[in-house]
Every structure is written in C-alpha cells, then in structure tokens.
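I opened this notebook to record what I looked up in one structure. The entries follow the order of my searches.

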Amino acid sequence: MKFYIGSGMKNCELVNNYAKLLTDNGWEQTYDWVKNVSDDVCLKDMIEYATLESQGIVDSDIVII
C-alpha cells in the first residue's frame, strides 16, 4: 500500500517515525517532504516541492494527516 504523510514542519521527527514504521511493514511512501525542510529555501524550490507533494498525494492509496 502506498502512503503520504502530511503535517506541519514542526512534526518532522514524528512523521519520520511513522513513515519508518509503515515502510518497515512493507508500505511505500509516495513522497518524503521532510528531507526538504530547510531554512534556505527559495520560491522556486517551494513551487517544486508543492508539485512533488501534490503528486505524492495523488499517487497514494492513503493520506495521513
């Protein structure tokens, strides 16, 4: 089963923990937005990340918020 986890950036550690739990049990994460969390992000990057996140949601069987 494919999943996407959406949350606020302050919950990165929690998102990583749940993603690991699911992937360890055979699930597939459609997009890992946590890897892009940074203080050094420009508008072009944000647009790209939003596009990737949207596709991650479309490609998932379940969305966890």
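I worked from a predicted model, in which local features need pLDDT of at least 70, side-chain atom pairs count only at pLDDT 80 or more, and totals for chains, interfaces and linings use all residues. Residues are numbered from 1 along each chain as its sequence is written, and side-chain values use heavy atoms, with hydrogens and water left out.

**Salt bridge.** I searched the whole structure for salt bridges (a side-chain nitrogen of Lys or Arg within 4 Å of a carboxyl oxygen of Asp or Glu) and found 1. K20 pairs with D24, and their closest N and O atoms are 2.7 Å apart. Both residues lie in helix α1 (residues 12-24), 4 residues apart, about one turn of the helix. I took helices as DSSP runs of H or I with at least four residues, and strands as runs of E with at least two.

**Exposure.** I noted D24 as exposed, because its relative accessibility is 53%. The cut-offs are under 20% relative accessible area for buried, over 50% for exposed, and partly exposed in between, with a 1.4 Å probe and protein chains only. Q29, in strand β2 (residues 28-29), is partly exposed because its relative accessible area is 21%. I62, in strand β3 (residues 62-64), is also partly exposed, at 33%.

**Distance.** I compared Q29 with E13: they are 16 residues apart in sequence and 16 Å apart in space, C-alpha to C-alpha.
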